[in-house]
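Here is a short briefing to read alongside the structure. Keep the 3D view open, and look up each residue as it comes up.

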Amino acid sequence: MSATTTSTTPSSSTRTSTSTQADPAPEAVIDAERDRIDALDARIVALVRDRMEVSENIQRVRIDSGGRRVHLAREMQILDHYSTELGGPGRELARTLLRLCRGH
């Protein structure tokens with residue numbers, strides 16, 4: 001009695017030719033991904049504008065009630081949150097957002 005082995009995996013030449021035919025051109029991938037980045041950037045800008053409006057409302061209420069426009073403890077929480085989530089560059093991003101949202 002002889003043992004026969006049967007491979008159930010495709011040969012490397014079959015896999016190569018199949019994946020080559022299905023792979024889009026690099027330029028098409030890059031263009032599609034850039035379109036995604038542009039859409040994400042548009043959403044980010046819209047969210048930053050929303051954040052600026054909310055921050056302005058908070059500042060107005062705080063000032064009208066006799067408080068200060070800026071709440072430093074809250075800003076530290078935001079800086080720490082971004083730093084925890086995104087590392088050092090996240091902290092810089094948070095600083096930029098805070099500057100944008102402080103108003104004039």
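Let's start inside a helix: Arg36 and Glu33 both belong to helix H2, where three residues, about one turn of the helix, separate them. Helices here are DSSP runs of H or I with at least four residues, strands are runs of E with at least two, and both are numbered from the N terminus. Please keep in mind that this is a predicted model, in which local features need pLDDT of at least 70 and side-chain atom pairs count only at pLDDT 80 or more, while totals for chains, interfaces and linings use all residues. Residues are numbered from 1 along each chain as its sequence is written, and side-chain values use heavy atoms, with hydrogens and water left out.

**Salt bridges**

- Arg36 and Glu33 form a salt bridge, with their closest N and O atoms 3.2 Å apart; the term means a side-chain nitrogen of Lys or Arg within 4 Å of a carboxyl oxygen of Asp or Glu.
- Glu33 is partly exposed, at a relative accessible area of 37%. The classes are buried (under 20% relative accessible area), exposed (over 50%) and partly exposed in between, using a 1.4 Å probe and protein chains only.
- Glu75 and Arg102 also meet through their side chains in a salt bridge, at 2.5 Å from N to O. Because Glu75 lies in helix H3 and Arg102 in the segment after H4, this pair ties together parts that are 27 residues apart in sequence.
- Are the two partners buried or exposed, or in between? Glu75 counts as buried, with 11% relative accessibility, whereas Arg102 is partly exposed, with a relative accessible area of 28%.
- Arg91 and Asp80 make a salt bridge between their side chains as well (3.2 Å, N to O). This pair links distant parts of the chain, with Arg91 in helix H4 and Asp80 in helix H3, 11 residues apart.
- Asp80 is partly exposed, its relative accessible area being 39%.
- Over the whole structure, a search finds five salt bridges.

**A buried glutamine**

- Gln59 sits in helix H2 and counts as buried, at 8% relative accessibility.
- Which residues does Gln59 touch, not counting those up to four places away in sequence? They are Arg69, Cys101, Arg102 and Gly103, where a contact means heavy atoms within 4.5 Å.

**The largest pocket**

- Rolling a probe the size of a water molecule over the atoms shows where empty space is left.
- A pocket is found on a 1 Å grid over the protein atoms alone: it is an open set of points where a 1.4 Å probe fits, with protein on both sides within 12 Å along at least five of seven lines.
- The largest pocket has a volume of about 300 Å³, which is the space filled by probe spheres set on the grid points, joined across faces, edges and corners.
- Its lining has 15 residues, and Arg51, Ser55, Arg74, Ile78 and Leu98 lie nearest the centre; a lining residue has an atom within 4 Å of a point.
- Helices H2 (26-64), H3 (72-86) and H4 (88-101) each supply at least two residues of this lining, and H2 gives the largest share, six residues.

**The whole protein**
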